[in-house]
Amino acid sequence: INGPVLEVTDRDYPICFDRKFFSLLRRLGDDGVRDVLYDEYLRPGIVVLLQRGAVDVAPHIGGLLDNLVVNAAFGAALKHVAASYKGAQSVKMSGGLAIFFFVPEAGGEVVPFAQAARRALTAERIPCTIGIDSGDLLLFELEDGTKDIAGSPVNMCSKMATDCGKPGNIYVTSSSSAGLRLPKHERFKLDVSHVTIEGFVF
């Protein structure tokens, strides 16, 4: 209370979003802005989220370098797989996390892509858990020209792949399984952060 006081300035601080998207976010409470935001950025689609599992690495600085090498191999393997699937749009690849987006019309590629990604990573001895969900998503550009994605399907995939999934498994929510040709699978039910998720695992 008695310390320094922050002053409002006109300084242009860096932002991660592109200018147009950020401008809409700042005016989200204004009449009609939410509709404009949804019209321009909201897309129905399917999310495939891949989370790299832990690997044995050396201690200290050696372990840091090992992790960098594994993350590079993780990204390279997924880019190679995605090149064979026209519907796979790479949205985010950061460290041991990768997110791909498919439009509903490319839904037939989703499961084969996830299986191919699992095979490729297994061949590299990189453990990975995969979550798949569908729904409305905000797909937008960042200031550096890359893209990002947000929405309930991303959160659901993260809960399955990151919070409680077992390495080597592919999880598909019940709501997104319609129209997807699943291989031999089992049902699952997870309770994560007061959210119940049901679906199929293979």
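A residue counts as exposed when its relative accessible area is over 50%, and as buried when that area is under 20%. Histidine 194, at 88% relative accessibility, therefore lands on the exposed side. That cut-off is handy for reading the rest of this model, which is a predicted one.

Histidine 194 sits in the loop between β7 and β8.

Now for the whole chain. There are 5 helices and 8 strands, and from the N terminus on they run α-α-β-α-β-β-α-β-β-α-β-β-β. Of the 202 residues, 39% are buried. The chain exposes about 12100 Å², and carbon and sulfur atoms supply 53% of that. Looking at contacts with a separation of 6 or more, 63% of them are between residues 24 or more positions apart.

Which residues of helix α2 are buried? In this helix (residues 33-41), they are Val33, Leu37 and Tyr41. Seen down the axis of α2, these buried residues fall within an arc of 40 degrees, so they line one face of the helix. As for partners, the buried residues of α2 pack against α1 (19-26), β1 (42-52) and β4 (128-141).

Helix α4 covers residues 110-123, which makes 14 residues. From its first C-alpha to its last, α4 reaches 20 Å, close to the 20 Å expected at 1.5 Å a residue. Its buried residues are Val110, Val111, Phe113, Ala114, Ala116, Ala117 and Leu121. Just after α4 comes arginine 125, with a positive phi of about 60 degrees.

What about the inside? In soluble globular proteins, nonpolar side chains tend to be buried together. Here the largest nonpolar core has 30 residues, and the ones that touch the most other members are Val48, Leu50, Phe100, Phe102, Phe113 and Ile132. Two or more residues of this core come from each of β1, α3 (60-82), β3 (97-102), α4, β4 and β6 (170-173). Helix α4 gives the largest share, 7 residues. Apart from this core lies another, of 19 residues, including Phe101, Leu137, Val154 and Leu190.

Leaving out residues up to four places away in sequence, valine 172 touches Ile132, Ser177, Leu180, Leu182, Phe188, Glu198, Gly199, Phe200 and Phe202. Valine 172 and glycine 131 are 41 residues apart in sequence, yet their C-alpha atoms are 6.1 Å apart in space.

Finally, the cysteines. A disulfide is a covalent bond between the sulfur atoms of two cysteines. How many disulfides does the structure hold? The count is 0. Cysteine 128 is buried, with a relative accessible area of 6%, and cysteine 157 counts as buried at 0%.

Note on methods: Residues numbered from 1 in each chain as written. Predicted model: local features only at pLDDT ≥ 70, side-chain atom pairs only at ≥ 80, totals over all residues. Heavy atoms only, no water. Helix = DSSP H or I, 4+ residues; strand = E, 2+ residues; numbered from the N terminus. Expected span 1.5 Å × (residues − 1). Buried < 20%, exposed > 50% of the residue type's maximum accessible area, 1.4 Å probe, protein only. Arc of directions from axis to C-beta. Contact = heavy atoms within 4.5 Å. Disulfide = S-S within 2.5 Å. Core = buried A, V, L, I, M, F, W, Y, C linked by side-chain atoms within 4.5 Å. Areas by Shrake-Rupley, 256 points an atom, 1.4 Å probe, with all protein chains shown as cover.
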